[in-house]
Structure formats: C-alpha cells, structure tokens
Amino acid sequence: MMDLVSTVIIISYFAFMLAIGVHIFRRTKWTSEEFFVAGRNLGPVLLFFTMAATNFSAFFFFGFAGASYTIGYAYYGMMAFGTAFTCINFYIIGDRVWHLGRRFSFVTPPELIGKRFDSKLARALFMIVMVVFTVPYIAVQPIGGGIVLSSLSDGAISYELGAVLITIVIIVYVFLGGMRGDAITDFAQGVLMLLCMLVALFAIAFSLGGFEHANTEAYTTMPELFSREGKGGFFTPQIWISYLLLWTFSNPMFPQLFVRFYAAKSIDAIKKTAVLYPLLTAVLFACPVIIGVWGNLSFPSLGKSAADNIIVKMLDKHAPESLVTLLLTGGFAALMSTADSQLLVSSSMLTRDLFEIIGKKLKPNMEMLLGRLFVVFLALVSLAFALSKQGLMLNYLTASSFAGLAVLYPATIGALYWKRANWQGCVTSILCGEGTLIFISMNSNPSLTLGFLPAIPSILVATIGLILGSYAFPKMENKKIKEFFKVFEGVRKEKIENKKENRKEREKEKIEIEHGIKP
Amino acid sequence: MENNAEQKKRFSKTAYFSIFIFLMAIAISSIFWGEDRILFFGFPSSFVFFFLLQIILSLLMAWFAKQYWHDEEER
C-alpha cells in the first residue's frame, strides 16, 4: 500500500498541473492561435524548457538507464551529442519557420508545406506521416505512467488505473490550457525533471561511496561497460554513424517540436534555446546513463524488460525511502510533458489540416472547440492502445517513429531553401523515403543496408526523390515562389528601413538639441 | 566596400558551418579511436570527451548566434 507521504506527493503534483490548466483557462482570451501556439508569445525561458521537456520523454527517464545498463557508457556519447547537435536545426529550420509562421499565420507543419508547394496532396501526405508516427507514441506515455504508479503503490493502484489517472490529468490541463498551459506545465515539469535526476544521481553516488568508488568498482566488475563500442561490441561504426545522424535529422521533424518554432516570441528566444540546449543535454543525459551503468553493481544480470526498470530499483535500494516517490515524480514529469504536447499538435493537425484539405474552412470558435474535442478523442484512443497492450503494432510504430519522421527532413529543407523544389518532388521524396523504410524494416537483413540503420538509406532515397521529382516536372509559378521566399527578404528590408528611420530620428533630435529647439 | 562586407559575412557563415560539420565528424569518427582510458572520477575518456564536446557546441552556437544570426536579423 502506498504510504501517506507518497500519496500526498503524487496528489499534490497532479493537483498542481490541473491548477495551472484552470488558471490559464480563466485568464486567457481564447483564439485558435492562442490555443494551438500560445499566441506566438513564448519567451526564451518558457521556450527553452518546453522544447526540452517535450523532447525528453518517459524513454529518457527510464529507457536511457535501461540502455546504459546493457550497453555501458558508450550510450551517452551517441544519445547526448546526437540530440545536442540538433541545435543547429534551430537556425537552419527554426529561423525560417518562425518568419513564415508570423507572415502566413501557420499553426501546423503541414500548413507550411501545403502553402510552399501550393498542393493539398503534399500537405495531406506530410500530415498523414506526422500523425501516424506521433499518435501511437502518445500511448507509450500512459503505459509508462501506469507502470510507475503501480510499482510505487506496490500494486495497490493497478497498471490500468494508473494509465487512466495519468490520461485524465493530461486531458484536463491540455483541454483547458492549450499550448500556453502546456508550456507552463512543461516549465514546471522540466525543472522538476532536472532536479529529480540530479538529486537521484547524487543520492545513489553517496550510497555507493562516491563517483570514483562506484566507477572503479563497476570497471573492475565489467570493464566492457567502459569501452567505446559498448558491451558486446554493440556500436559498430555503421550503427554509431546512423544514430548520431538520426537524432539530428529526426528531432526537428517531431511535430510537437516543429510547432514550438511558431510559438516563439522572437528569434532571440529561439537563439537562446539553441545555445542552452547542448548544455542541458550534456548534464541531464549523463544522469540516467551513469545510474544505469552503476545498476550492474547492485542488480547484475537483469533481463531487458527488468533493465528498463533499473532506475526505480536503484532508487528503492539506495535513496532514502521518503525521497523515492519525490524523485520518481520526475518520471511523471518527463512522460506527461511529452504526451501533452503530442496530443495538442496532433489535435491541431486534425482540426486545421484535415478540414482544409477536404475543403471545409472552420470558423475560429468552431476550430478551437473541435481542437479541444480532438484532444479528448486522441487521448482516449491512446489510452485504449495502452490498455489493450497492442504490443507488436505499437512497438513497430514507436520504434520506427524517429526514422519515419526523419524521412520528412529533405522535403522540409527543400521547402525552406530550394526554389526549384515543387510538389511533385515533395511527394516523391516522402513516398520513396517511407517506402524504403517500410521495405527495409520488413526484410530484416542487415546486409541490405550495409549495416546502417534503415533510417539512413531511407533519408538518402528521400533526398534523391526530392531532386529527381522536382527536376522531372515543371518549375512552380514564379509568382507563388516569390510570395513565399520574399518573406525572408521582406524581413531584412523591413529591418533595414526601421534602422534607417531610427537613425534619422536620432540625428534629427540631436540637431534640434544642438540648435536649442528642443531642451 | 559593400561587396567586401558581404563576402566577409558569407565567409563567416561558411566557416561556422564548417566548424559545426567538423564537430559532427569528430563525434562520428570517435568510434574508430583506440582503447578508452579512465579519467577523473573514474569516468572513461570518451564519456568526458562527449561531455566537453557538447560544451564546445554550446559555446560555438553562442558565438555563431552573436556574430552571424544577429547579423542576419539586422542586415
């Protein structure tokens, strides 16, 4: 049975999340732009934390420790640097997406693609890929939540009840607070996640006799956990290269991260987030990896599924009892902050893209109501997935979601930078890329990909598809291309004009002061 | 004069991106290096190396944002 302290901590945490949702709901003047992209007004602090908390899911909190338990310290370099390197996408993609979002009032990623290529088909395809690889991923979060709640309560709360509780809390605060509520809860959850991870690491290190002592013992027991290629030679050069590139290409293509570029208040906010992001991954990703490696000291020879629970086991054994629930609340924070953003962005795509593609333009009020209803609907679908434990299908979709979304990268870069790219190129790129991914995944023969992960040849095929498809068909109308790309020129011109005007005003003021016209 | 300034700016953009790509290349090629050694606090050298690489990445991004990204906005 869950003790009183644990019960109070969990109830307080859920109540705090709900209170944020209610508070935002009451004090906000609602428009669909406010609901889906927080009125494009997220400052640097909120943007940074919402980007981080959204990206780091239950997999980060529990999966990293499980993987490093099995593979060793090599896991850190691949995971942390690959994720950190995505910060250059904040410039390559984020900068342009932000300007376009302001100019054309985009709320979803497929809207940008549809406008750039002037094609409903390209927009629909982009939306389908994003939804297919995002919705099943949402289901992973209640599964994680159910497992933690059940384990914390020693089975008093069943896995199913745990999953239902987590889903209800997420539905309520996303339904009420929209993206702003999501961002503020992400801020709280991000801080909590960071603190819990650091406290957990230091508590376990203290119990094991300090960092050096724990590492030396782990090295003496299992030196291969300290090797560059990981235990059992897990990282071949091809697998290493594949993962480093996969994280870089897939992260900005997660729709929940993409829309955060729209939501930024200014380019300055994106810039600061890009600078801080690698610092956060350097520190935060180290914690679960270290705990996972040390797990081999306390719990040797665990199977794969038991290894995923290593962080809970380590806390149970090494942290003071009163702290365990508090630290595991960091796990709730990680999974809830991802699920809420995925729900909101999936709902925005179904509300705006689906209806516009079939030719129905909704009124703003209707759009917002429908957005909220889709949040409830998608959360219930994910919960059904989680409760039915449709293992195979869910495993396939979530395991391939990084690769499936990374395939959209060439089409997105083409849309933002290459004037010759047309809708035929975009469609060819997506179809060929996803087709290659499915084909390779179904034929599990590693020689087919020369030892690389299926994502790498798929991204390559998608790039070739974009180029060949674009050249095989006529160029898009110059007028439409200009309308899109002049946003970037327009931004520069406007700023130059503003600067000139400011300078003139300052000079005029100076002259007036010099001549005594103005005191 | 303006052409020179423009060329200089273009050069810096290329230079920055070359350094970014170089960092990624270092990260990728690290798998081919020899045995790991144990460095401070008992952590293996590759772990420390990747930790530092991310700090360098952050500093480089700060430098890039100050020098170039800002220019792009103000241009």
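User: Which residues have the most contacts inside the largest nonpolar core?
Analyst: They are A:Ala406 and A:Cys426, in a core of 198 residues, where a nonpolar core is a set of buried Ala, Val, Leu, Ile, Met, Phe, Trp, Tyr and Cys residues joined through C-beta atoms within 7 Å. The largest share of this core, 23 residues, comes from helix 9 of chain A, residues 159-207 (helices are DSSP runs of H or I with at least four residues, strands are E runs of at least two, and both are numbered from the N terminus). This is a predicted model, in which local features need pLDDT of at least 70 and side-chain atom pairs count only at pLDDT 80 or more, while totals for chains, interfaces and linings use all residues. Residues are numbered from 1 along each chain as its sequence is written, and chains are lettered from A and ligands numbered from 1 in the order in which they are written.

User: OK, and what does A:Cys426 touch?
Analyst: Leaving out residues up to four places away in sequence, A:Cys426 touches A:Ile113, A:Phe117, A:Ala122, A:Ala411, A:Gly414, A:Ala415, A:Ala421 and A:Leu466 (contact requires C-beta atoms, placed from the backbone, within 7 Å).

User: How do helix 21 and helix 22 of chain A lie, roughly parallel or roughly antiparallel?
Analyst: Helix 21 (residues 409-417) and helix 22 (residues 423-442) of chain A pack at about 165 degrees with their axes 9 Å apart, and they are therefore roughly antiparallel. A:Pro410, A:Ala411, A:Gly414 and A:Ala415 of helix 21 meet A:Gly425, A:Cys426, A:Ser429 and A:Ile430 of helix 22. By class, this contact of helix 21 with helix 22 in chain A has five nonpolar, three polar and no charged residues.

User: How many residues of chain B are in contact with chain A?
Analyst: There are 30, and they are in contact with 36 residues of chain A. Helix 2 of chain B gives the most to the side of chain B that touches chain A, with 15 residues. That side of chain B divides into 21 nonpolar, five polar and four charged residues.

Technical notes:
Axes fitted to C-alpha atoms, helices over the stretch in contact; angles between N-to-C directions. Parallel < 35°, antiparallel > 145°, perpendicular 65-115°, else oblique. Contact = placed C-beta atoms within 7 Å. Nonpolar A, V, L, I, M, F, W, Y, C, P; charged D, E, K, R; others polar. Buried ≥ 20, exposed ≤ 12 C-beta atoms within 10 Å, placed from the backbone.
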